[in-house]
Amino acid sequence: MPIYNKLVRDLIPEIIEADGKTCVTRLLNDSQYIAEIKNRMHEELAEYEEASYIGIESFKKKVSKIYERFYSSDQ
């Protein structure tokens with residue numbers, strides 16, 4: 001079974017289980033959650049920096065993902 005170690009939102013565990021699969025989740029305390037959000041933001045920023053020269057549409061998509069991560073981090 002693959003291990004992803006990613007933050008999960010938008011009812012993803014329920015979707016996985018509805019598909020007949022199993023997933024294991026755990027709740028993070030505040031400091032763990034903040035650390036994971038920071039890691040994810042760094043990942044998104046790295047993707048943005050790698051793709052920003054491709055064109056305006058790619059640029060918009062990457063910036064949108066960064067904002068999405070930031071604003072969904074309070075869930």
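The dialogue below reads several features of a predicted model.

Student: On what basis are the values given?

Tutor: In this predicted model, local features need pLDDT of at least 70 and side-chain atom pairs count only at pLDDT 80 or more, while totals for chains, interfaces and linings use all residues. Residues are numbered from 1 along each chain as its sequence is written, and side-chain values use heavy atoms, with hydrogens and water left out.

Student: How many helices and strands are in the protein chain?

Tutor: Helices (H or I, at least four residues) and strands (E, at least two) are DSSP runs, numbered from the N terminus. The protein chain has three helices and zero strands, in the order α-α-α from the N terminus.

Student: What percentage of the residues of the protein chain count as buried?

Tutor: Buried means under 20% relative accessible area, exposed over 50%, and partly exposed in between (1.4 Å probe, protein chains only). Of the 75 residues, 15% count as buried.

Student: Is Asn5 buried or exposed?

Tutor: Asn5 is exposed, because its relative accessible area is 66%. Asn5 lies in the segment before helix 1 and, although not a glycine, has a positive phi of about 45°.

Student: Where is Ile12 placed, and why does Ile12 count as partly exposed?

Tutor: Ile12 belongs to helix 1, residues 12–18. Ile12 counts as partly exposed because its relative accessibility is 36%.
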